[in-house]
Amino acid sequence: MIINIKDLKNKIIYRANYRGTKEMDKLLGSFTKKYINQLTENQLILLCDLLDYDDENLYKLNQGQPLTIEIKNNTVTELFKNFKYSLG
């Protein structure tokens, strides 16, 4: 399957910035902005998959709290777990 990387990145950026809560918009939006141009095609697909999870569990994942679901561990989830959002 041929993937248009530009379209995939645009989809990811949109999904990361329009989550429904301002806090997750900022957290996922800043995470995506920082890493999107460094990720491989496979990692972009993993990021797209990560965005399918609910905000509560993504927040818990980022904060190191116990999750109510299982999120597969991979390079992108590790980046997200270790990402620290700063207001500056």
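## Salt bridges and a helix in a predicted model

Q: Is Asp52 buried or exposed?
A: At 56% relative accessibility, Asp52 counts as exposed, where exposed means over 50% relative accessible area, buried under 20% and partly exposed in between, using a 1.4 Å probe and protein chains only. This is a predicted model, in which local features need pLDDT of at least 70 and side-chain atom pairs count only at pLDDT 80 or more, while totals for chains, interfaces and linings use all residues. Residues are numbered from 1 along each chain as its sequence is written, and side-chain values use heavy atoms, leaving out hydrogens and water.

Q: Which side chain does Asp52 meet in a salt bridge?
A: Asp52 meets Arg15, at 2.5 Å from N to O, a salt bridge being a side-chain nitrogen of Lys or Arg within 4 Å of a carboxyl oxygen of Asp or Glu. Arg15 lies in helix H1 and Asp52 in the loop between H3 and H4, so the pair ties together parts that are 37 residues apart in sequence; helices here are DSSP runs (H or I, at least four residues), numbered from the N terminus.

Q: And how many salt bridges are there?
A: The count comes to 4, including one between Glu56 and Lys60, whose closest N and O atoms are 3.1 Å apart.

Q: Switching topic, which residues of H2 are buried?
A: They are Met24, Asp25, Leu27, Leu28, Gly29, Phe31, Thr32 and Tyr35.

Key: Helix = DSSP H or I, 4+ residues; strand = E, 2+ residues; numbered from the N terminus.
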